[in-house]
Amino acid sequence: MNLHRVALKYALINAVSHEGRAEFKAVLNKIFVDVPEVKEAIRSKEKREEIFGIVEDSVRYVNSMSYDDQVRMLEREFGITLQMLEEKKAMKTRIGLPELPNAVKGKVVTRFAPAPTGAIHLGQVLRAAYLSWYYARKYDGKFILRIEDTDPRRVKRVYYDWIQEDLRSLGLEWDEIVYESDHFDEYYELTYRLFEEGKVYVCNCKSDEFKRFIARKVPCPHRDKQGAVDYWEDMISGKYREGEAVVRLKTDLTADNPALRDPPLLRIIESVPHPRTGYKYRVYPLYNYACIIEDHNLGITHVIRAKEHETNQRIQRMIADAFGWSIDITYVEYGMIKITGVPAHKRDIRSALRRKEMEGWDDPRLITIRALLQRGIHPEAIKMLAEHVGMTKHDIEDLSLKTLFTYNARVLSPMAKRIFFVEDPLLLKISVSGDVYTSRNPWIPGNEEMGYREYRLCPVRENGGRILRVYISKSDLELIRKVSEADSILRLKGLMNIKIKNIDLMGGEILAEEAGINEVKGVDKIHWVPAGDLSLKAFVITPGGTKEGVIEFYAQLLSNGEYVQMERYGWGRVYRNEGEVIYLMYAHK
Ligand SMILES: [Zn+2]
């Protein structure tokens, strides 16, 4: 490590973040965080003088430069731009979202309109759900949860409940819930009106037949038939079967986008009952038809949605025109988010489920809200990520879940209990001299009121000596080898220091000897679990499969659903505490 360079870097960052003036203490603190050895080194008087000298020189040098030179040097020397600093800052403080265009306090009405065709996933919440809720609250308006359940072939009863459960878990409470399936009669009445005004017709073309007509920009034979409303009644009464008739809106057949030429509004589905209305209705509205009717009737003022909906928006506008409604909705559009490394879209999840690659919608590998919450992502972290992503209009191609995990660790750190879980345990036998050893680790570091996990460990007699037995993780083997080769010591957190004597993998045990009780600076620490009665069997459910190991006795005190940090292993949540066996969910490192 080149301290001159590190000092220069932080002096520059500090300066450009504070109108061109770096401050010695701030720079020093940043160096402590980045290079912890420096903090230790300044305990010695000589080292301290040397280090302070270097930092003072850097600060003086940087402060002698112009702001523009500082910015240039930071970029040239360290590849750090002002924009990167801004972004980092935004990550740290919760960013206020921008004002909503055309928003009037007390008058904003927003809606989140999921279809009950699966569990809500992170992508839906980050934008549509969170922002609609946020802005309704911000302007003392109304947030409506609208269930878009007009396709009985796709909706399932259970998802109605899940949508509500998941939003409640996130704290996104709605002021009103609306089921589109409650409004079928109303859709029919409105459709009668359009028939009476000659603005729609029943089309019996097969889909490819119809495409051929509109490709040539000519009407199909059904468009101008007399007595159109009779055909509509035939649709409702059951004269036509599924696939034999649709209601189409008469539009401009010369529109450049073929999707805008006489789009369908309603169609027949009689093959499956609707989960809420059974077989009572057989003609169901298509998405755009129900959507614009609802937006109009509910007095929605702002629709926050993905920009991919442009064609839909134009179709909805044409429907509104047909009804003679002047629609005063502000459409706020955002870019797509692609979350890397996981099947994010419902269709991907559904096909993974079909292929049996996933166990269910709460499979820990999924980023449905219920899977994330269950595995130990705190609702607050999801909200923080939503504000972080905000209303960016450009597409975000690679939103890494790591950003969510960073927020989550920040939320959980002051509240989650710590516990030692040892995966793939190896027995460590320590020859000791004392009769009793106590270990003491805080439930939550920095929060003494929460108390400690305290153990009194008694060595057993073996071959004339005294042996203390603990479990350590196989994943620490490499570190143990390194320490052993260097003939240095290792610390068992909260217990003692040890010196490795022998690594016997065939016998599955490691021999060590006691090397002092007091903590020594700069010594690697590993976690451990007392062997014998003070250890319990534990399973940790991770996205990569279920891991088996041992957990310390105090895990018995944890409640189901409680957040934990398995020290040096990862954040997570207690899934099921069965007393003798503890099941945990792993969230992230
Ligand atoms: Zn036709």
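## Aromatic contacts in a predicted model

Student: Where do we start?

Tutor: With a cluster. F184, Y187, Y188, Y192, F195, W232, Y281 and Y284 form one aromatic cluster. The model is predicted, so local features need pLDDT of at least 70 and side-chain atom pairs pLDDT 80 or more, while totals for chains, interfaces and linings use all residues. Numbering runs from 1 along each chain as its sequence is written, and side-chain values use heavy atoms, without hydrogens and water.

Student: How many aromatic pairs does a search of the whole structure find?

Tutor: It finds 22. Rings of Phe, Tyr and Trp (its six-membered ring) pair if their centres lie within 6.5 Å; planes under 30 degrees apart are stacked, over 60 edge-to-face, the rest tilted.

Student: Why is the pair of W443 and Y554 called edge-to-face?

Tutor: The centres are 5.8 Å apart and the planes stand at 90 degrees, so the pair is edge-to-face. W443 is in the loop between β15 and β16, and Y554 in the loop between β25 and β26, 111 residues apart.

Student: What makes W443 count as buried?

Tutor: Buried means under 20% relative accessible area, exposed over 50%, partly exposed in between (1.4 Å probe, protein chains only). W443 has 6%, so W443 is buried. Y554 has 21%, so Y554 is partly exposed.

Student: What makes Y569 and Y586 an edge-to-face pair?

Tutor: Their centres are 5.8 Å apart, with 80 degrees between the planes. Y569 is buried at 15%, and Y586 is buried at 16%.

Note on methods: Helices (H or I, at least four residues) and strands (E, at least two) are DSSP runs, numbered from the N terminus.
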